[in-house]
Amino acid sequence: MERVIDLDQAAAAIAERTARWVAAGLKVEQVTWRDETASWPQRLETDRTRVRDPDSVGVLISGPGDAQLSVVVFRGGWADVDYFDGLDDAGPIPAFDISSSAAFGTQLDQWVPRVFGNLG
């Protein structure tokens, strides 16, 4: 898989936002990593040092009323993004052509309010 996004920098983008999300009442799970070279089925790891060749990093964010946002970004420049707003809206959010970890951070800043509203 082509390496478009530095996943360590993408994880840093998540970490940079975590305190703000938690202060707004959201729960942020540990970041998970998947190793490209691991045998199938590939396990998700929370310890970065156990992953030699990461091909994805993900996070699950939960909020009031059972709302959830699941984001997994792949080094190839796309993300699997799924949400449930806790009421009646759920589904995938298109996330293609992410060209950098900075662009990924910008997307996070759009996805979180879409699911959980303005965090103030």
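Is the crossing of H1 and H2 left-handed or right-handed? The crossing is right-handed. The model discussed here is a predicted one.

## Overall fold

The chain contains two helices and seven strands. Their order along the sequence is α-β-β-β-β-β-β-β-α.

The C-alpha trace spans about 40 × 25 × 25 Å along the principal axes of the chain. The radius of gyration is 14 Å, which agrees with the value near 14 Å for a compact globule of 120 residues. Of these 120 residues, 40% count as buried. Among contacts in the chain with a separation of 6 or more, 48% come from residues 24 or more positions apart.

## The helix pair

Two packed helices are described by the angle between their axes and the distance between the axes. Helix H1 covers residues 7-23 and helix H2 covers residues 101-116. The angle between them is about 35°, and their axes are 8 Å apart.

On the H1 side, the residues in contact are Gln-9, Ala-10, Ala-13, Ile-14, Arg-17, Arg-20 and Trp-21. On the H2 side, they are Ser-101, Phe-104, Gly-105, Thr-106, Leu-108, Asp-109 and Val-112. By class, the residues of this contact comprise seven nonpolar, four polar and three charged.

## Salt bridges at Arg-17

The structure holds 11 salt bridges. Arg-17 takes part in a salt bridge with Asp-109, with an N to O distance of 2.7 Å. Arg-17 belongs to helix H1 and Asp-109 to helix H2, so this pair ties together parts that are 92 residues apart in sequence.

Asp-109, at 36%, counts as partly exposed. Glu-16 counts as exposed, because its 60% is over 50%.

## Salt bridges at Arg-75 and Asp-53

Arg-75 and Asp-53 form a salt bridge whose closest N and O atoms are 2.8 Å apart. Arg-75 sits in the loop between strand S5 (68-74) and strand S6 (78-84), while Asp-53 sits in the loop between strand S3 (44-45) and strand S4 (54-62). The pair therefore ties together parts that are 22 residues apart in sequence.

Arg-75 counts as buried at 3% relative accessibility. Asp-53 counts as buried too, with 15%. This bridge belongs to a network in which salt bridges that share partners join Arg-3, Glu-36, Asp-53 and Arg-75.

Ser-70 lies in strand S5. The relative accessible area of Ser-70 is 27%, so this residue is partly exposed.

Leaving aside residues up to four places away in sequence, Ser-70 touches Val-59, Leu-60, Asp-80, Val-81 and Asp-82. The C-alpha atoms of Ser-70 and Tyr-83 are 6.2 Å apart in space, and the two residues are 13 residues apart in sequence.

Notes. Residues are numbered from 1 along each chain as its sequence is written. This is a predicted model: local features need pLDDT of at least 70, side-chain atom pairs count only at pLDDT 80 or more; totals for chains, interfaces and linings use all residues. Side-chain values use heavy atoms; hydrogens and water are left out. Axes are lines fitted to C-alpha atoms, for helices over the stretch in contact, and angles run from 0 to 180 degrees between N-to-C directions. Helices (H or I, at least four residues) and strands (E, at least two) are DSSP runs, numbered from the N terminus. A crossing is left-handed if the near helix is turned anticlockwise from the far one by less than a right angle, and right-handed if clockwise. Contact means heavy atoms within 4.5 Å. Ala, Val, Leu, Ile, Met, Phe, Trp, Tyr, Cys and Pro count as nonpolar, Asp, Glu, Lys and Arg as charged, and the others, Gly among them, as polar. A salt bridge is a side-chain nitrogen of Lys or Arg within 4 Å of a carboxyl oxygen of Asp or Glu. Buried means under 20% relative accessible area, exposed over 50%, partly exposed in between (1.4 Å probe, protein chains only). The radius of gyration is taken over C-alpha atoms; the globule rule is 2.2 Å times the number of residues to the power 0.38.
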